[in-house]
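Biologist: I would like to go through this model term by term. For each label, please set the value against the cut-off.

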Amino acid sequence: MVETMVGGLALFDYDGDGDQDVLFVDGGELPGYEGETPRSRLLRNDGAGSFVDVTATSGLAFKGYGCGVTAGDVDGDGDRDLYLTSFGRNQLFLNQGDGSFVDATDDAGVGEDRWSASAAFADVDRDGDLDLYVANYVDFAFDQRAFCGDRETGRRSYCHPGAYDGVADRFYRNEGGGRFVEATASHGFTAPPSAGLGVAFGDLNGDGWPDLYVANDAQANLLFENRGDGSFEEIGLFAGTAYGNSGNPEAGMGVDLGDVNGDGRLDIIVTNFDLETNALYRNDGPGLFSDSRFVSNLAEPSLTMLAFGVDLADLDNDGDLDALVANGHVLDDAAETGSGASYEQVNQVFENTREGFFAAVVDSGVSIAGVSRGLATADLDGDGDLDFAVINSNSRAEAYENLSTPRVGSLRLDLFGSASNSAGIGARVEVRLSGRLFVEEVKTASSFLSQNATTLHFGLAGNSAADRVDVRWPSGMSQRFFQLPTARLRLVESSAR
């Protein structure tokens, strides 16, 4: 069961040279495995879109059966640290600023030893340092595994998550300097144990505080609303984001947040099992969402797909958010079940044609059949459009260069906090252009077990500059800029306008 559900990747600048490096999270040795020992790999971007394997010198000695990853500056020294989840013991690696990492799991107090899936950093109490949420999956052990499959023929298959009990998620509050204390209950994360897979932080009600969405496998998804002090209340049922449009729980895998219709509010996209379709929950205002999967045209093309990684990103630089989805079945014997499902499936690109209405792109160039899991986006070659990488189960990872015809270019923003955390995680940026509003927030993990680059990307739809850019920092400080051009810029938190 373990090997069919992993793994993830992070696109992040680990060495501070301005381009995006990649960490691919691999599995490990399980009972009965024979062959080369799997290992997670850190690849350094050489600045021209090519990569060099630096795992051996990085100090990333990951011991568990790898699942997911999130990157953030937990000790406030300005570089990106790594938290890796696993079927086993999770590990925190502190970036030493010289291209190497050191295991700080025990000192930090974040050594979760249950089967963890996605994790994400966020400054939930806005005190200037990054806290950590860990989504745990199910209580599975090899010496207690259930028989799943066809007993008459003896065909074994991977189990449905309902065969095992869900496991409670964990929240760790950063006490400063990268030392954490487990504070799940005291911060209101008191939902029943569930099979957690995807997580994403974002300000969903517009009050300046980060909320949290958790995609659960075959159980109600969770929406934790920040009360405005770093404590949370679960409101998924009342908000309309807990269940599918039929009123039943779905097999939530991956999740992303983004404003797909240009109304200034973050919507939620969730990937699901085949015959459930992927879901789009449109944000209708503080605390209320409507299931828009069918009206948005996302549902029908995803009906026969089993989806994992997902990202809302402006792939054609026209100013609105398109959707990338990684597909692949969990049953390696899917063709033998008689359901008509296939194990290997094609990934999908959905173009946002207008205000949150999508069209599946047939000739996207990403339609090689595979068994994909984690997916993340970044401008890997520095040419001003978004590329992506994807993890494939029991096969090679892939990277895709964006060859879309650029519409003049994009505005790319790297945020540097002063009163806020160093990377401005949780900052909200509003771009106004020719009467249109584009909104993005700086976040760590999303998708499935993965993390996109934290550089914010705004396609300018044929314009040479944005009319106005407003930044709301986690500290509460605000800044305004005019006529920012198509370029990659650094925005530093300041009281100066």
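Biologist: In which strand does Gln483 lie?

Modeller: Gln483 lies in strand β37. Strands here are DSSP runs of E with at least two residues, helices are runs of H or I with at least four, and both are numbered from the N terminus. This is a predicted model, in which local features need pLDDT of at least 70 and side-chain atom pairs count only at pLDDT 80 or more, while totals for chains, interfaces and linings use all residues. Residues are numbered from 1 along each chain as its sequence is written, and side-chain values use heavy atoms, with hydrogens and water left out.

Biologist: What is noted about the phi of Gln483?

Modeller: The phi of Gln483 is positive, about 55 degrees, although the residue is not a glycine. Asn297 is not a glycine either and has a positive phi of about 70 degrees. Asn297 sits in the loop between β22 (288-291) and β23 (307-313).

Biologist: Why is Asn297 called partly exposed?

Modeller: Buried means under 20% relative accessible area, exposed means over 50%, and partly exposed is in between (1.4 Å probe, protein chains only). Asn297 has 40% relative accessibility, so it counts as partly exposed.

Biologist: Which peptide bond is cis?

Modeller: The bond that joins Val6 and Gly7 is cis, with omega about 20 degrees. Gly7 belongs to the segment before β1 (9-12).

Biologist: What makes Arg480 and Asp470 a salt bridge?

Modeller: The term requires a side-chain nitrogen of Lys or Arg within 4 Å of a carboxyl oxygen of Asp or Glu. For Arg480 and Asp470 the N to O distance is 2.5 Å, so the pair meets the rule. Arg480 is in strand β37 (residues 478-485) and Asp470 in strand β36, so the pair ties together parts ten residues apart in sequence.

Biologist: Buried or partly exposed: which label goes to Asp470, and which to Arg480?

Modeller: Asp470 is buried, because its relative accessible area is 12%. Arg480, at 29%, counts as partly exposed.

Biologist: How many salt bridges does the rule give?

Modeller: The count comes to 18. One of them is Asp53 with Arg39, where the closest N and O atoms are 3.6 Å apart. This pair links distant parts of the chain, 14 residues apart: Asp53 is in strand β4 (residues 51-53), and Arg39 is in the loop between β2 (21-24) and β3 (41-45). Asp53 has 36% relative accessibility and therefore counts as partly exposed; Arg39, also at 36%, gets the label partly exposed.

Biologist: How do you know that Arg472 forms a salt bridge with Asp203?

Modeller: Their closest N and O atoms are 2.8 Å apart, so the distance is within the limit. Arg472 is in strand β36 (residues 465-472) and Asp203 in the loop between β15 (196-202) and β16 (211-216), and 269 residues separate them. Arg472 counts as partly exposed because its relative accessibility is 23%. Asp203 has 4%, so it counts as buried.

Biologist: What makes the nonpolar surface patch?

Modeller: Leu237, Phe238 and Tyr243 make a patch of about 360 Å². Patch residues have over 30% relative accessible area and no salt bridge; like charges are joined within 9 Å, and nonpolar side chains (Val, Leu, Ile, Met, Phe, Trp, Tyr) within 5 Å. Areas come from the Shrake-Rupley method with a 1.4 Å probe, and for residues only the protein chains shown count as cover. Tyr243 is at 31%, so it counts as partly exposed. Tyr243 lies in the loop between α3 (236-239) and β19 (255-258).

Biologist: Why are β5 and β8 said to stand at the edges?

Modeller: Two strands pair if DSSP finds at least two bridges between them. The open sheet has four strands in the order β5-β6-β7-β8, with antiparallel pairing. β5 (65-72) and β8 (101-103) each have a single partner strand, so one side of each lacks a neighbour in the sheet.

Biologist: How do you know that β5 pairs with β6?

Modeller: Six bridges join β5 to β6 (residues 81-87), and the two run antiparallel; the requirement is at least two, so they pair. Tyr65 has Phe87 in β6 as its bridge partner.
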